[in-house]
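Q: I would like to learn how to read the features of a structure one at a time. Could we take the general idea of each feature and then its case here?

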Amino acid sequence: MKKEFDLGRDKINKLLISFAIPCVISMLINSVYNIVDQIFIGKGVGTLGNAATNVIFPLVILANAIAGLIGNGAAANLSLKLGEKKETEARASIGSSITLTFIVSILFAVLAYIFLPKLVYMFGCTENVYKYAISYGKIILVGAPFMIIYSVLSSIIRADGNPKYSMIMLVVGAIINIVLDPIFIFGFNMGVFGGGLATVIGQVISFIIALCYLPKIKSVKLEREDFKINNSVLRTLSLGLSSFITQATILVLFVFMNNMMTKFGAMSKYGADIPLSVYGVISKINSLYISFVLGVSIGAQPIIGFNYGAGNLERVKETLRKVLTINFVVGIIFNLIFILFPEQIAGIFISNEDISYALFMEFAKLMCHSFLLACALNAMEMTTSIVVQSLGNVVKATAVSFIRQIILFIPLAFLLSMGFNLGLNGILYAGCLADSLTFVIASIIFIGEYKKLGIYSTKENEENDAVIPKTYKGKKIVVTISREYGSGGRYVGELLAKNLGIPFYDKNLIILSAKESGLTTEYVKKNEQTLEGPQTTDDLLYIATTKVIEKLYKKGSCVIVGRCGNFILKNKKDVLKVYLYSSLDDKINRVTKYYNIDKDKALNTINKVNKERKKHYKYYTNTILDDYNNYDLVLDVSKFGVEKTADIISNIIKNS
């Protein structure tokens with residue numbers, strides 16, 4: 001049985017463990033794919049082999065960007081359409097996204113394959129590295145469509161509520177890659193091509209496992225016509241654009257660094273190939289840190305988004321504090337590893353018999369002690385970007401992701417390397433400086449967003465119903481009152497409860513439903529009889545209200561106003577279901593007199609509220625609110641007046 005989580009009430013620690021760990025593992029596996037190739041190629045081929053994988057890595061980043069654009073967008077669109085109860089559109093969204101993925105992935109691989117000789121030089125390739133880069137790149141591009149497709153399907157599978165399957169799919173592919181790498185590189189002496197072939201085989205297996213899931217999708221049943229490309233892909237691409245932009249900034253940075261390493265490396269004692277190679281291997285290890293931080297942050301998104309939408313701002317703040325703490329602890333650990341053990345890290349990727357071993361290790365140490373000197377501070381920028389996106393500000397989130405790579409680092413690298421003639425050292429120290437400045441800017445943004453959460457009131461609604469002494473001696477009776485807005489139904493219910501001497505529930509249901517659901521009273525008050533909130537929280541609210549009303553029924557006699565009470569208790573004994581309406585003039589007079597609404601706005605207000613009530617009632621009961629067949633008693637309050645209407649109902653109960 002699928003385990004359900006209560007995002008509004010379960011402990012934050014429990015939720016973070018449940019949501020973040022699968023996400024962290026999935027992201028780490030993607031990093032491991034590249035690291036494993038780099039390790040075995042470095043040991044088997046040497047510095048030039050490592051440099052070749054680094055030259056081809058921008059193509060991998062671009063493939064990931066395409067997968068994120070379609071996959072994350074498709075997953076988000078699936079969730080939205082299911083929340084809107086639009087299953088047909090949800091099916092079409094997924095089917096068309098899958099078809100688009102096949103087309104785009106194949107087109108990408110073909111074009112990249114054709115232009116590979118030019119692309120490798122654009123990505124910073126040197127003459128010595130060229131043949132290795134071409135050999136590795138060609139086989140990697142063969143596997144690119146499989147990688148893009150299974151990555152997109154992985155996002156859809158997670159959105160379908162099966163992150164475990166998605167994780168297993170990735171793990172199996174990674175294990176196959178790890179097993180085959182030494183066999184192909186050392187056993188068959190296939191060099192960089194063997195490393196790429198091992199990767200592709202692992203990707204094909206993951207692709208097959210992903211395809212096997214399609215007939216098992218639980219949320220929708222895909223049909224052949226759903227795979228036609230339609231307008232839903234535009235919505236999918238718009239939702240995935242943020243992920244694409246984030247990957248694009250990484251791509252720009254990587255290509256920039258490759259070219260700077262070769263250009264200024266050639267002017268140093270290290271030569272062009274060693275800095276290019278070292279930057280690749282150190283970046284891959286650093287990707288483990290990035291994957292961990294992003295995994296924790298992305299895993300926390302559902303918790304942050306749900307509680308923010310539900311008004312549980314204290315839970316949002318608690319989640320933010322814990323996510324930031326975890327990410328900084330991880331950042332400090334990685335930072336210490338880079339500072340204390342640079343030779344041990346670099347030694348994993350090169351044989352000590354390699355002719356360039358000494359210079360390779362020297363530059364690796366220099367890079368860890370300069371470029372990554374303050375890498376722990378990156379936790380703030382990465383966390384802030386994801387958090388701001390979770391709170392609904394996609395533009396600001398995208399801007400935050402641009403700060404370090406594009407706005408600060410690249411200009412600083414140019415300034416220090418050329419403006420101050422620091423060459424290779426200037427580029428490396430630009431990384432540390434950019435990290436420090438980004439930390440300050442991201443901290444200001446994070447603190448600003450955090451403080452905003454404290455502006456809104458989180459106090460419980462203290463507006464309660466009148467306390468009525470329990471003096472009723474008759475047989476059990478629960479009265480549900482459904483009513484038109486402005487008919488005086490609430491006041492009829494309150495007078496009825498006083499006449500009978502039984503509890504009265506209207507406003508108190510707000511507090512009771514809030515406690516039952518874990519939502520705030522402010523959120524419940526605003527959304528309890530509309531469909532304006534996020535669909536998941538609206539549904540949670542209705543379920544909570546249902547439980548509250550059923551509990552009140554079990555407690556004994558009472559009067560319950562609204563909240564689909566007649567439908568919730570329709571099959572219960574000892575229930576009198578009442579519907580109250582009134583003439584238009586009477587409703588207008590009542591709302592202007594008692595609700596302080598201007599007479600010229602009264603009609604619009606009445607129509608709007610009644611429309612929302614009917615929409616809410618229809619959504620959850622699939623029946624009509626003012627269908628008299630749903631009630632035992634229907635009364636026109638404008639004919640009898642509030643007091644007389646209450647007396648009529650009271651007499652019926654007492655004499656029955």
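Q: How many disulfides does a search of the whole structure find?

A: A disulfide is a pair of cysteine sulfur atoms within 2.5 Å, and a search of the whole structure finds zero of them. Cys368 is in no disulfide, the nearest cysteine sulfur being that of Cys375, 8.7 Å away. For Cys432, also in no disulfide, the nearest cysteine sulfur is again that of Cys375, at 9.6 Å. Before going on, note that this is a predicted model, in which local features need pLDDT of at least 70 and side-chain atom pairs count only at pLDDT 80 or more, while totals for chains, interfaces and linings use all residues. Residues are numbered from 1 along each chain as its sequence is written, and side-chain values use heavy atoms, with hydrogens and water left out.

Q: Is Cys368 buried or exposed, and what of Cys432?

A: Buried means under 20% relative accessible area, exposed means over 50%, and partly exposed lies in between, with a 1.4 Å probe and protein chains only. Cys368 has a relative accessible area of 0% and is therefore buried, and Cys432, at 14%, is buried as well.

Q: Where is Asn64 found, and which residues is Asn64 in contact with?

A: Helices (H or I, at least four residues) are DSSP runs numbered from the N terminus, and Asn64 is found in helix H2, which covers residues 47-83. Contact means heavy atoms within 4.5 Å; leaving aside neighbours within four places in sequence, Asn64 is in contact with Met147 and Gln247. Asn64 counts as partly exposed because its relative accessibility is 27%. The C-alpha atoms of Asn64 and Ile250 are separated by 11 Å, although these residues are 186 apart along the chain.

Q: How many aromatic pairs does the structure hold?

A: Rings of Phe, Tyr and Trp (its six-membered ring) pair if their centres lie within 6.5 Å, and planes under 30 degrees apart count as stacked, over 60 as edge-to-face and the rest as tilted. The structure holds 23 such pairs. In one of them, Phe254 and Tyr279 have ring centres 5.2 Å apart and planes at 45°, so the pair is tilted. Phe254 lies in helix H8 (residues 232-265) and Tyr279 in helix H9 (residues 273-310), so this pair ties together parts that are 25 residues apart in sequence. Phe254 is buried at 5% relative accessible area, and Tyr279 is buried at 3%. Tyr279 also forms an edge-to-face pair with Phe371, 6.2 Å centre to centre and with 85° between the planes. Because Phe371 lies in the loop between helix H12 (357-368) and helix H13 (378-390), this pair with Tyr279 of helix H9 ties together parts that are 92 residues apart in sequence. Phe254, Tyr279 and Phe371 belong to one aromatic cluster, whose other members are Phe57, Phe256, Phe409 and Phe414.

Q: Which residues of the largest nonpolar core touch the most other members?

A: In soluble globular proteins, nonpolar side chains tend to be buried together. A nonpolar core is a set of buried Ala, Val, Leu, Ile, Met, Phe, Trp, Tyr and Cys residues joined through side-chain atoms within 4.5 Å. Of the 135 residues in the largest one, Leu59, Met257, Phe363 and Phe409 touch the most other members, and helix H5 (residues 130-159) gives the most to this core, with 15 residues. Apart from this core lies another, of 22 residues, among them Ile468, Leu580, Leu635 and Ile653.

How values were computed:
Helix = DSSP H or I, 4+ residues; strand = E, 2+ residues; numbered from the N terminus.
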